[in-house]
Amino acid sequence: GAGYSPTCTGTSTLRCVRTGASTVVSSPGSNMQADTLQTGTGYARLLRPAFDRYWSAGVMAASRLAAVAAQFAVQAAVGALGGAGALGILQLFQSWTSIGGEVAARGLPTRAMRDSAVDFANGNITGLRQRLRQCARAIAGSWIATVALIAAGLAGLYTLGIDAGDSTSLLYTFGAAVIAAPLFALLRLTAETLKAMDAATPAILVESLVLPTVLLGGCALLWFNGQPMTTSALLAAGVAGYLAAPAAMAALIRRRAQQTKDAPNPVAARGPIDSKDGNVLWATSLLSVAFLHLPFMVLPFFATAADIGVYAVANKLMGIVTMLLLLLAAVFGPAFARSAAQGGGNLKHLLQRSQLYSCIVYLPLAAALVIAHPLLAPLFNVSTQELQLMLLILGVGHMVNAATGLSGVMLNMAGAARLELAATAGATTIALAASPLVGATQGHVGLAVLFSVAIATKN
C-alpha cells in the first residue's frame, strides 16, 4: 500500500512493522545490524533488544582481538620452529598475498557488498547469487592472465640462464603468493557478501580466525612430529589457510541463502561488473593500500632503524584500536547501501550514528594505550618517551578518523566512490610532496606528524 517499500513484498524472511508514519523492514537473524530500513522519511534503527545487540558486538570485537592474539601466537610458533628467516618468509608471503589480492579483487568486494545488501533486503537471492558468481569468475580470469604473464617471465629468465641461487626461498614465496592472491580476493568478496546478508558476526569470525588457526595447526603438526619449519611447509600451510577461509565463507553464504526464500519475481544482477564505477572502487582500494604502507616507504630515507621500529610499534598498537572501528563497517556498510538505494534520505543520520559509535570505541582505548605506554615499551624493547610521543602524534590523526565516522564507507556504498578516491589521492599526494622537506628538516618526528595530518586530512 501507500508508503510501503517493495522490500516488504513477497519475502518470508523479511517482516514489516508499521511504526507511526513509516515502515521498518527487518531481517530475522541479523546480528546487531544497523541496516534495518525505515522507508520514506524514516531512518535506520536497531530493533534487536539491547542484550542481543551488545552480545553480537561483543562477539565481533572478541573475534578481532582473538585474531590479534592468534597472529602473535603464529609469529611466536613460527619463530620458535624456524627462526627469524621463517618469520621473514611469512611476512613477505602475507604482504605479497594481500597486495596481489587487492589487485586481483578489482574493487569487486566493495561493489558486491553494495549490491548484495540491496538484493538481500529485497529478497532477491537469485540476483545476489548471480552477482557473486560473476565477480568470482572475473577474479579467476584476471588471476589466470596474471599467472600466464609471470610464467612467461620466469621462463624467459630460465632461458637466459639466470639462476635464483640463494633466492630460491623468495621464488617459492612469490609463487605461493601468486597462488594465494586470488584466494585472498575471493575471501574478501565472500566476506563482504556475507556481511551484506545480515551475517556480520560469522563473516568476521571466519575472516579473522581461519588463517591463523590453520597456520597454528601446521606448526603444531610439525612440533609433534619433531620436524623443522621448512619454507615449503610454511607456505603450504599459508596457502591452505587462504583456501579454507573462502571455502568456509561460501558454505555460510549458501546456508544463509537457503534460509531466505527468494522473491516471487527475482531479477538479474544489476549492471555489468566491469564499469567506470567498478574501476574507481578498484583504484580506491589500491591507493588505500599504498596510503597504509606510505610511512614505511618514506621513513627509511630519513630515519634510523631504531626510529622506524618505535614508529612501527606505535602504529601497530593504534592499528589494534582502529581495527575495531572496521567492525562498524560490517554493520553500517549494508545500511548505507540500502539507504542510498531508497534515495539516501537517512544517510546523514547513519553517518552521525557511525561517528558516535566510533568515538565510543576509539577514545577510551586510545587513552588506555597512552596511559599504559610505560608497561608496553619494555615488551617491544623501545624507548618509553619515544613510544609515548609517537602514540600521541598518531593518536591525534586517528582521533579525527574516529570523529568523522565511516565517511569513506558511506561514499563507496552510496555510489560516490569518486569522492573517496579524490580524498585518498589528495592526502597521499600531500604526504608524498611534503615528505622530502619535512624529513630533511624535522626527521622521523616531523614525518610522524605529517602522516598523522594526512590521516586526518583524508578523513
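**Figure 1. Asp 198, a buried residue in the loop between helices H4 and H5 of a predicted model.** At 2% relative accessibility, Asp 198 counts as buried, where buried means under 20% relative accessible area, exposed over 50% and partly exposed in between, with a 1.4 Å probe and protein chains only. The residue sits in the loop between helix H4 (168-196) and helix H5 (200-224), helices (H or I, at least four residues) and strands (E, at least two) being DSSP runs numbered from the N terminus. Although Asp 198 is not a glycine, it has a positive phi of about 60°. Most residues other than glycine have a negative phi. This is a predicted model, in which local features need pLDDT of at least 70 and side-chain atom pairs count only at pLDDT 80 or more, while totals for chains, interfaces and linings use all residues. Residues are numbered from 1 along each chain as its sequence is written, and side-chain values use heavy atoms, with hydrogens and water left out.

**Figure 2. Arg 106 in the loop between helices H1 and H2.** Arg 106 lies in the loop between helix H1 (50-105) and H2, and, although not a glycine, it has a positive phi of about 60°.

**Figure 3. Asn 124 in the loop between helices H2 and H3.** The loop that holds Asn 124 runs between helix H2 (108-121) and helix H3 (125-159). Asn 124 is buried, with a relative accessible area of 4%, and its side chain reaches the backbone nitrogen of Gly 127 at 3.2 Å. A polar contact is a pair of N or O atoms within 3.5 Å; within protein, one must be able to donate a hydrogen and the other to accept it, and residues adjacent in sequence count only if both atoms are side-chain atoms.

**Figure 4. The crossing of helices H10 and H11.** The axes of helix H10 (residues 373-380) and helix H11 (residues 384-403) come within 9 Å and cross at roughly 115°; axes are lines fitted to C-alpha atoms, for helices over the stretch in contact, and angles run from 0 to 180 degrees between N-to-C directions. His 373, Pro 374, Leu 376 and Ala 377 in H10 meet Thr 384, Leu 387, Gln 388 and Leu 391 in H11, contact meaning heavy atoms within 4.5 Å. The residues of this contact divide into 5 nonpolar, 3 polar and no charged, where Ala, Val, Leu, Ile, Met, Phe, Trp, Tyr, Cys and Pro count as nonpolar, Asp, Glu, Lys and Arg as charged, and the others, Gly among them, as polar.

**Figure 5. Ser 358 in helix H9.** Ser 358, placed in helix H9 (residues 347-371), counts as buried at 2% relative accessibility. Leaving aside neighbours within four places in sequence, Ser 358 is in contact with Leu 325, Leu 328, Ala 402 and Gly 405.

**Figure 6. Leu 447 in helix H13.** Leu 447 lies in helix H13 (residues 417-458) and is buried, with a relative accessible area of 0%. Apart from neighbours within four places in sequence, the residues in contact with Leu 447 are Val 298, Leu 299, Phe 302, Ser 435, Val 438 and Gly 439. Leu 447 and Phe 302 are 145 residues apart in sequence and 8.8 Å apart in space, C-alpha to C-alpha.
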